[in-house]
Amino acid sequence: MTHPTPCTHGSCSLRRRALLRLCAAGAGGLLPITSVAQPRTDIVQPANPGPQAFMARAFELRERAIRLGDQPYGAVVVRNGRIVGEAASAVVVANDPTAHAEMEAIRDAARRLKTRDLSGCELYGTSRACPMCESAAYWARIARLRYGETITDGGAPR
């Protein structure tokens with residue numbers, strides 16, 4: 001794969017696609033991107049779905065992040081009363097400054113739903129979303145942000 005002009009900015013989509021293909025194939029000893037940030041398992045739905053159960057799951061993911069030696073954050077994406085994406089923070093373990101729990105949960109939901117449009121979804125996080133995560137929620141069209149033990153309604157992403 002060649003690029004018509006030299007890419008000096010490091011974010012070339014052709015390079016990214018090639019890297020993703022390498023990662024998916026396990027070439028060169030690289031692990032698939034999802035293997036570090038989050039094991040690919042089916043999501044266990046809470047017995048009594050509701051805001052408390054969704055936030056409880058986010059806090060369980062927070063505890064997972066702490067056990068793995070990462071920052072203490074967890075997040076879930078919910079649509080129609082079901083968790084469609086979830087993640088613990090993977091900033092430290094993946095050496096990725098963008099692997100915040102909210103970002104990873106949005107990525108997980110988009111992969112599982114096979115769409116980047118997460119309209120009608122809510123994002124539950126253990127703390128208020130940072131500007132990067134709130135922007136990602138906005139671009140994914142997430143309807144509401146909720147955070148913290150008291151399940152504060154952060155409103156629509158701006």
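A: Glu 63 forms a salt bridge with Arg 62, and the closest N and O atoms are 3.0 Å apart. A salt bridge here is a side-chain nitrogen of Lys or Arg within 4 Å of a carboxyl oxygen of Asp or Glu. This is a predicted model: local features need pLDDT of at least 70, side-chain atom pairs count only at pLDDT 80 or more, and totals for chains, interfaces and linings use all residues. Residues are numbered from 1 along each chain as its sequence is written, and side-chain values use heavy atoms, with hydrogens and water left out.

Q: Why does Glu 63 count as partly exposed?
A: Because its relative accessible area is 36%. Buried means under 20% relative accessible area, exposed means over 50%, and partly exposed is in between (1.4 Å probe, protein chains only). Arg 62 is also partly exposed, at 25%.

Q: How many salt bridges by this rule?
A: The count is 9. Glu 86 with Arg 57 is a salt bridge too, with the closest N and O atoms 2.9 Å apart. That pair links distant parts of the chain: Glu 86 is in strand 2, Arg 57 is in helix 3 (residues 51-67), and they are 29 residues apart. Helices (H or I, at least four residues) and strands (E, at least two) are DSSP runs, numbered from the N terminus.

Q: Are Glu 86 and Arg 57 buried or exposed?
A: Both are buried.

Q: What does Arg 146 pair with?
A: Glu 122, in a salt bridge at 3.1 Å, N to O. Arg 146 sits in strand 4 (residues 144-147) and Glu 122 in strand 3, 24 residues apart. Arg 146 and Glu 122 are buried. Salt bridges with shared partners join Glu 122, Arg 144, Arg 146 and Asp 153 into one network.

Q: Switching to the nonpolar side. Which residues touch the most other members of the largest core?
A: Val 77, Ile 106, Leu 118, Leu 123 and Ile 142, out of 19 residues. A nonpolar core is a set of buried Ala, Val, Leu, Ile, Met, Phe, Trp, Tyr and Cys residues joined through side-chain atoms within 4.5 Å. Strand 1 (74-79), strand 2, helix 4, strand 3 (121-125) and helix 5 (131-139) each give two or more residues to this core. Helix 4 gives the most, with 5 residues.

Q: What's the order of elements from the N terminus?
A: The order is α-α-α-β-β-α-β-α-β-β. In total there are 5 helices and 5 strands.

Q: And how much of the chain is buried?
A: Buried residues make up 39% of the 158 residues.

Q: Where does Val 92 lie?
A: Val 92 is in the loop between strand 2 (82-88) and helix 4 (101-113). Val 92 is partly exposed, with a relative accessible area of 42%.
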